[in-house]
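Subject: Structure handover

Hi,

Here is the structure for you to take over. My notes on a ligand site and a helix pair follow it.

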Amino acid sequence: MQTALVQESALSFRAVSKRFGSRMAVDRLDLEVGRGEVFGFLGPNGAGKTTTMRMALGLIKPTSGCVEVLGRDVQLEGRRVLPHVGPLVETPALYPHLSGRTNLRIFGAELGRVSAARIESLLELTALDERQDDRVSSYSLGMRQRLGLAVALLHDPELLILDEPANGLDPAGIREIRALLRQLRDQGKTVFLSSHVLGEVGRVCDRVAILRQGALVYSGRVDALLSEAGYFEVKVAEVDSALAWIREQAWGRSARLDKDGTIVSPSPSGRGRELNSTLSAAGFIPDAIGPRQRDLEAVFLELTEGRP
Amino acid sequence: MKLRRQRPTWVLVVVGVLLLGLAMLLLAADPAVAFARHSLWASSVYQLLLVVQLMFAAGAGLILLTTTSRLVGMEYSFGTIRVILARGTGRIQLFLAKLASALVLALMLLIGYWLLVALGTAILVLHQAGSLTPLTELPGVVWVNLGQALLSCAISAGSCVVVGVTISTLARSVTGGMLVSVLFFPIDNALDLILIQLHRIAVPGPWVWVSDFLLGPSLNHLPTLLTSGREVSAGALPAPILHFSLAATLLVVVCWLVTLTLLAALALARRDVLA
Ligand SMILES: Nc1ncnc2c1ncn2[C@@H]1O[C@H](COP(=O)(O)OP(=O)(O)OP(=O)(O)O)[C@@H](O)[C@H]1O
Ligand SMILES: [Mg+2]
């Protein structure tokens, strides 16, 4: 199912499982994120996204399997590779009694000094420059989220691991994040970000993985997920007789009726124009024919709610 | 640092200084501490030392325990430990850094406290004797004992730091860490008192030994041992029943601290960070 070229991988999970008591939070996860990719990690609440990200950051130890970050096992060599990773796990962790700027300074000092200019530009990037000297406890959720992102970006990391970065942001903020992610990709950074809304990340991600109850249910390109390869949507006046006719054909047995009254049908040749001409010849002149596009949310719900 | 802008830190310091000032005033009124009468100078100093030391044990102990557990616990309570660790700071490295900054804190407290005490004493002597000569005429052994008392204060302070840091690392929160580490010494002192009572009514048993292996009572008894019996620490605090030697008592203290440190470091290194 992996369509994109995976060159050297920035992040790879090899049969990673995590068990909390009797509950499998993550179940034999295999995943590769290539360098320079923006990779979406999706799943409903409790799917295991945060748990997976914590394992990638060496915060929790997998019950089995191993996670490689920038080519090295994070459990063994975390101290070497993690300084090149920008983490944002769940709600951003900040010192509430200190100002935004001081927070950046303190986190910067943990890994060697960060220049005042860098802090300045991050505050500007995250649109916090006006509130930089206020205590973080007086920030709104979205502002904390932005500051958390600034902390993740402090050391200009190779790889960003962002757990629901859009959480709590207003529409403008979400747009800004998207722009930021594109900008990071253009700089050659790798971004691994989670979300429970496919629509939110579908537009910026090269590939996505979808998790359900700890198990991978899809991994691959977003457009491949959305188009049902080989199927077409046909709008036609005489729906019932057209569908019956198509089903009688050797190539058309799997045709079906969609909820909104369009016919979903394969084509004799795999291309739309033959389907058009065949139907016309049979007397069913299509009003419109187009490749089958599935609704983002519908696909997501189908994948994450369906029975295992 | 991170604690500097937290209100409780400053409240503690101010309250501590006020309490010390109050104690000095009370001591000034105490007839036992009378520098005016020549013959009593030395004993006045010991009286003073006794009170000052008790205050340090209780006051500084409390300050250090709460402050160090806040120092460590806040990283868990704010969740910032996950950011620190996720960016490649080693767990043991983090633990040692916390321990080091807590020790610096203890050192600052120790120096600050004794400077204030020295200042207070100087004022007291000036007020009562009109000059500082009584102090310069003290016998040499008093100064030696003073040094020993200082040493035992330093050991107590260091122990408080280790207890505070390790317990809050194990507890993984500000409230939990603070609660347990503040209760640590009252509990082992209370246990000692119970053992002493049992011993007194002559209930036999090997558990009387336990008393000598408790951390709090060992620390209580340390000044007496260090000054070899000088009354710097009267029986105000529960002491071990059997009275180990100085070396053995120090060994008990060191064993406690090493065990706690290893336990906490191991726990931090191995456990999942879910904060
Ligand atoms: N510390 C823990 N102890 C026990 N179970 C846990 C723990 N942390 C997570 N879990 C369980 O692991 C599963 C996955 O949780 P996780 O937080 O990874 O989900 P998520 O995908 O991040 O969800 P959300 O979208 O709500 O953030 C859940 O069933 C959760 O109950
Ligand atoms: Mg989550």
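At what angle do the axes of helix 4 and helix 6 of chain B cross? Roughly 145°. Keep in mind that this is a predicted model. Helix 4 spans residues 91-129 and helix 6 spans residues 140-171, and their axes come within 9 Å. The crossing of these two chain B helices is right-handed.

On the helix 4 side, the contact includes Phe95(B), Leu99(B), Leu103(B), Leu110(B) and Trp114(B). Helix 6 of chain B contributes, among others, Leu146(B), Leu150(B), Cys153(B), Gly158(B) and Val161(B). By class, this contact has 15 nonpolar, three polar and one charged residues.

Now the ligand. Ligand 1 is surrounded by 14 residues. The closest are Gly46(A), Gly48(A), Lys49(A), Thr50(A) and Thr51(A). The site is shared between chains, because residues from both A and B surround ligand 1.

- Thr50(A), at 2.6 Å
- Lys49(A), at 2.7 Å
- Glu164(A), at 3.2 Å

Taken alone, ligand 1 exposes 630 Å², and the protein buries 68% of that. Two elements of chain A give two or more residues to the shell: strand 2 (23-34) and helix 1 (49-56). Helix 1 of chain A gives the most, with three residues. The shell around ligand 1 has five nonpolar, six polar and three charged residues.

Over to you.

Best wishes

Note on methods:
Residues numbered from 1 in each chain as written. Chains lettered and ligands numbered in written order. Predicted model: local features only at pLDDT ≥ 70, side-chain atom pairs only at ≥ 80, totals over all residues. Heavy atoms only, no water. Axes fitted to C-alpha atoms, helices over the stretch in contact; angles between N-to-C directions. Helix = DSSP H or I, 4+ residues; strand = E, 2+ residues; numbered from the N terminus. Left-handed = near helix turned anticlockwise from the far one by under 90°. Contact = heavy atoms within 4.5 Å. Nonpolar A, V, L, I, M, F, W, Y, C, P; charged D, E, K, R; others polar. Near = heavy atom within 4 Å. Polar contact = N/O pair within 3.5 Å; in protein donor to acceptor, adjacent residues only side chain to side chain. Areas by Shrake-Rupley, 256 points an atom, 1.4 Å probe, with all protein chains shown as cover.
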